[in-house]
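User: I am new to reading protein structures, and I would like to go through one feature at a time. Could you give me the general idea first and then show me the case in this structure?

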Amino acid sequence: MEVDFANYKNISYTKAGKFEETRFEKIHNVIFETSNEASILVAQEMASLIRERELLNKPCVLGLATGSSPIKVYEELVRMHKEENLSFANVVTFNLDEYYPMDKSNIQSYYYFMHEHLFNHVDILPENINIPDGKISTEDLYQYCIDYELKIKDIGGLDFQLLGIGRTGHIGFNEPGSHLNSGTRIITLDHLTRVDAAPSFLGIDNVPRKAITMGIGTVLSAKRIVLLAWGINKSGIIKETIEGQISANVPATYLQKHENTTFILDKEASAELTRVKTPWLVTSCVWTENLKLKAVVWLSQLLEKPFLKLTDKDYNDNGMSGLLTEEGSAYDMNIKMFNKLQHTITGWPGGKPNADDSKRPERAFPAKKRIIIFSPHPDDDVISMGGTFDRLVEQGHDVHVAYQTSGNIAVSDEEALKFAEIARNLEPTSLNVNGIINFLKNKKDNDLMDSLDVRKLKGAIRKSESLAATRYLGLKDKNVHFLNLPFYETGTIKKGNLTENDIQIMKDIIDEIKPHQIYAAGDLADPHGTHKICLDALFIAIEQLKTNDYMNDCWVWLYRGAWHEWESYEIEMAVPMSPDQILKKRHAIFYHQSQKDGVMFQGGDSREFWVRAEDRNRLTAKKYNDLGLADYAAIEAFKRYHF
């Protein structure tokens, strides 16, 4: 089946398997600026296929995926149904997988997910929806899986298969070790897969250990396959899948055998591909200043040499002779890049008063700046930029912290119960406290929605911890703002969409303070996570406010969260920390006690957040030192956002 990519902007689609512009890539892939843009265009391709099959009076058989990656695709399909008369009456769907055991009424079931995001909003016939049954008895399971396969074959096979990809390289729930010819079956989930699912289940202990999944052979039988991957945390497995050898250890590499597969990536997910990370190894480059720094940092790290020791031969031997042609010599190039990186370092993140700021990352004037530190959760500020926070306060700036969400979802039931029981001891007759205690003690494992009173208590815990930390850093309570953006307050892991109410709250705080500096979390590892939504809210607010005079004097600096750091070549302001400041930052993080021990959203890293932060800051300092710059104990890093 030929696929019309005419709707894809600036894409020249060549038949998969004969497209490669480099010797590295073995799967056709298209890179987009944002996951939203990519998702809309994938939805358009699916809609075109549905309409084409409708004109032929034939069913359109779709293989569908769950998880965060396809959410926007489904939103766009729903929009087209409601606004463009896209009918699903001829559509037959087969979902990839389902947890086992799992009741379809459980909000973590893929049955619930698909109806919530797609089926409840379109005119698909219920009898045309096929999702593995997570409650099928173990006695009937073997035959059930065979019947699922036969049903796909009987209708003519899958016309289109939508996929995501896990960090183990799994597609569907085909974990490492899955066979090329595998069919629908029960499988034991990899630990990393369960870790990634843990936030949705409020902890890894609640994640099922098994699942029913279509097999690799089932997926490869589809006439057309599109795989979606968003975010920096997928970049490593994407490189391995597209450029690596076919291996059962990375099941997604089997897609190299399919002749009509396309990977749809955002910029972050594509970051490790050779043509993106090191384009000079692939083709002739237009050497922008940013690309020059990226290339020299890469060369220095590859050869384990500081900038100033790189030679002409080093450049020529590693595909960078064109860069030397422009710059004249390695000596000139090395000095230029050394100075560029050196000028990112400052102990004055708010600008150094009465100093020449031409070679500093921040302005000297005004000497005392109004500053907003936006923190998506009530601890991102101290985890990600606690040392810089401390510097800004010590250096006399008018610092404000704005906690964008209450963070109540991340407080465990056990922690909330402890505080509720303390409150009951102080006020035994309180009906609210008794109700909270009864709710928490009787809460069922699959009941993931907290009552309003429980959410208020959990939010109050996070608020009190935040105030303790900001007081420790010398900030007055009146400079601490709790925005409680409404999109977060759903009572479940799944957040709502941004509304005008969210944006107005952001605009109000900016308009009230009229900042010279804004700090915000730019960690986009999860494009559907709270950090991403909070950053979107900020960018929309800035766009609507940027015509105001005070915004001409406002600079926005992005920090990253507990999982990732800016690469050395991306950093535009590096704030060193002394050993004493490292300890002070650690103590500030400790005030967030509910997030310290047994944290609910640990991710794939078992270290506590304060350990992650210190290790990351020390690693950034080491990278600077390895490149030939000064040896600092730790460095916090920032990248400027231009609007």
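This is a predicted model: local features need pLDDT of at least 70, side-chain atom pairs count only at pLDDT 80 or more; totals for chains, interfaces and linings use all residues.

**Reading one model, feature by feature**

User: Which residues does His-258 touch, and which side chain does His-258 join in a polar contact?

Analyst: Leaving aside residues up to four places away in sequence, His-258 touches Leu-220, Ala-222, Lys-223, Arg-224 and Ile-225. The side chains of His-258 and Thr-261 are joined by a polar contact of 3.0 Å.

User: How should I read Lys-352, and where does Lys-352 lie?

Analyst: Lys-352 is in the loop between α12 (330-342) and β11 (370-375). Its relative accessibility is 30%, so Lys-352 counts as partly exposed. When residues up to four places away in sequence are not counted, Lys-352 touches Arg-360, Arg-363 and Ala-364.

User: What is the idea behind a nonpolar core, and which residues have the most contacts inside the largest one?

Analyst: The general idea is that, in soluble globular proteins, nonpolar side chains tend to be buried together. In this structure the largest nonpolar core has 60 residues, and those with the most contacts inside it are Phe-307, Tyr-315, Phe-374, Ile-510 and Leu-538. Helix α18 (residues 530-545) gives the largest share of this core, eight residues. A second, separate core of 36 residues includes Ala-38, Ile-71, Val-78 and Leu-118.

User: Which residues does Phe-374 touch?

Analyst: Not counting residues up to four places away in sequence, the contacts of Phe-374 include Ala-402, Gln-404, Leu-483, Met-506, Ile-509, Ile-510 and Leu-538.

User: Now for charged side chains: how many salt bridges does the structure hold, and what is the general idea?

Analyst: Side chains of opposite charge can pair when their charged atoms come close. The structure holds 39 salt bridges, and a few cases show how to read them. Glu-76 forms a salt bridge with Arg-79, with the closest N and O atoms 2.8 Å apart. Both residues lie in helix α2 (residues 71-84), three residues apart, which is about one turn of the helix. Glu-76 counts as buried because its relative accessibility is 8%, whereas Arg-79, at 26% relative accessibility, counts as partly exposed.

User: Why does the salt bridge of Asp-159 and Lys-223 tie together parts that are apart in sequence?

Analyst: In this salt bridge the closest N and O atoms of Asp-159 and Lys-223 are 3.3 Å apart. Asp-159 lies in the loop between α4 (138-154) and β6 (160-163), and Lys-223 in the loop between α6 (216-220) and β9 (225-229), so the pair ties together parts that are 64 residues apart in sequence. Asp-159 is buried, with a relative accessible area of 2%, while Lys-223 is partly exposed at 34%. The side chains of Lys-639 and Glu-572 also meet in a salt bridge, at 3.8 Å from N to O. That pair links distant parts of the chain, 67 residues apart, with Lys-639 in strand β17 (residues 634-641) and Glu-572 in the loop between β15 (555-559) and β16 (573-577).

User: Finally, how do I read a sheet, and what is the order of the strands in the open sheet of three?

Analyst: Follow which strand pairs with which. Here the order is β4-β8-β7, and the pairing is antiparallel. The edge strands are β4 (97-100) and β7 (185-188), each of which pairs on one side only. From one strand to the next, the twist averages 30°. Four bridges join β4 to strand β8 (residues 210-213), and the bridge partner of Asp-97 in β8 is Thr-213. Helix α4 packs on the sheet, where α4 touches β4, β7 and β8, and its direction makes about 115° with that of β7.

Conventions: Residues are numbered from 1 along each chain as its sequence is written. Side-chain values use heavy atoms; hydrogens and water are left out. Helices (H or I, at least four residues) and strands (E, at least two) are DSSP runs, numbered from the N terminus. Buried means under 20% relative accessible area, exposed over 50%, partly exposed in between (1.4 Å probe, protein chains only). Contact means heavy atoms within 4.5 Å. A polar contact is a pair of N or O atoms within 3.5 Å; within protein, one must be able to donate a hydrogen and the other to accept it, and residues adjacent in sequence count only if both atoms are side-chain atoms. A nonpolar core is a set of buried Ala, Val, Leu, Ile, Met, Phe, Trp, Tyr and Cys residues joined through side-chain atoms within 4.5 Å. A salt bridge is a side-chain nitrogen of Lys or Arg within 4 Å of a carboxyl oxygen of Asp or Glu. Two strands pair if DSSP finds at least two bridges between them. Axes are lines fitted to C-alpha atoms, for helices over the stretch in contact, and angles run from 0 to 180 degrees between N-to-C directions.
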